[in-house]
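Visitor: I would like to learn how to read a protein structure step by step. Could we start with the whole chain and then turn to its parts?

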Amino acid sequence: MSVHLIVGAGMVGSTTALRLADLGEHVRLISRSGRGPVHEQIELIPADANDAGRLSELADGVAAIYNCLNPAYHRWLTDWPPMSAALLTAAERSGAPLVIAGCLYGYGEVTGPMTEDTPLSATQPKLKVRADMWREALAAQEAGRIRAVTEVRASDYIQAGSLLSLFLAKPLLSGSRALVPAPLDVPHTWTSINDVATMLITAATEQRAWNRAWHVPSTDPLTVRKLAHRFSEANGAPAPKVGKFPDWMFRVSGHFVPMVREFQTTAYQFSAPFVMDSSAASTTFGLRPQPIEEALREAAELSGGTPNKATGPSSTRRTAS
């Protein structure tokens, strides 16, 4: 049995911790509050992710360190640099490989499918900070400061914290009209959090995964409209009614709601095809994405909504093809 240190007890960190615990591994799960999933193999520890000394103590003897932190988008410029530096210090002092739960923001605007070789060309400060984190971590490894580093990049999550969970899930389950701050018919890649956890563990435990980035195996791209239809069908909800927020309303809302304002920063991800190629991880490690119907049913459960089937189609759920 190995010991794994996961820093960040949000959806990604907690899902990864539970997956490792079910495999018989021991997990130290770090969060500021000390809360997280209850499991006999998971040790919940309150700690400050900025405290390099404390993280180094907790990382002593671990098989891997996982950066699963997720500060609020509007605080990325202030929160990410010290957290990233503290984790690099812990990796340096402990000798444990560092695995980063990353995203696609560092690529910036793209003109075709993204691979791991797509240049990290983001210039907008809040997007560039993620690219800079990876460059600094890789430079530390190349300089011999840390043993190994890997970044696992995912697209928008299906189950939590995304356009689906924030704008679509509850209205669709209740049979109401859903308004989204994005065009409805542009292809977009969506990633299951379960697949993120699987890829993180693979990247931590497979030495051939070290010292490069990997894209999480994800379902085929879907437009927002098609995603809404698949979500409703998977959950036995009424046929979806989906519309786009008027641009002026979205701009005004951004003045008062930080999350809406951050969607404006990343609007380019929905105004043109935003497609992630994850064939490298699938080919190298034999990983396949979770069937999307399963992920969409989990998204419904997490949203707390209840399907209103009175005016909807049959509740028979499709199986994944």
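Visitor: What share of the contacts with a separation of 6 or more comes from residues 24 or more positions apart?

Guide: A contact means heavy atoms within 4.5 Å, and in this chain residues 24 or more positions apart account for 73% of the contacts with a separation of 6 or more. Please keep in mind that this is a predicted model, in which local features need pLDDT of at least 70 and side-chain atom pairs count only at pLDDT 80 or more, while totals for chains, interfaces and linings use all residues. Residues are numbered from 1 along each chain as its sequence is written, and side-chain values use heavy atoms, with hydrogens and water left out.

Visitor: What part of the chain is buried?

Guide: Buried means under 20% relative accessible area, exposed over 50%, and partly exposed in between, using a 1.4 Å probe and protein chains only; buried residues make up 54% of the 321 residues.

Visitor: Where does Thr-16 lie, and is it buried or exposed?

Guide: Thr-16 belongs to helix 1 (residues 11-22), and it counts as buried because its relative accessibility is 0%. Not counting residues up to four places away in sequence, Thr-16 touches Ile-6, Tyr-66, Ala-197, Leu-200 and Ile-201.

Visitor: At what angle do helix 7 and helix 12 pack?

Guide: Axes are lines fitted to C-alpha atoms, for helices over the stretch in contact, and angles run from 0 to 180 degrees between N-to-C directions. Helix 7 (residues 224-234) and helix 12 (residues 292-303) pack at about 80 degrees, with their axes 9 Å apart. That makes helix 7 roughly perpendicular to helix 12, since angles under 35 degrees count as roughly parallel, over 145 as roughly antiparallel, 65 to 115 as roughly perpendicular and the rest as oblique.

Visitor: Which residues of helix 7 meet helix 12?

Guide: Leu-227, Arg-230, Phe-231 and Ala-234 in helix 7 do so, and their partners in helix 12 include Ile-292 and Leu-296.

Note on methods: Helices (H or I, at least four residues) and strands (E, at least two) are DSSP runs, numbered from the N terminus.
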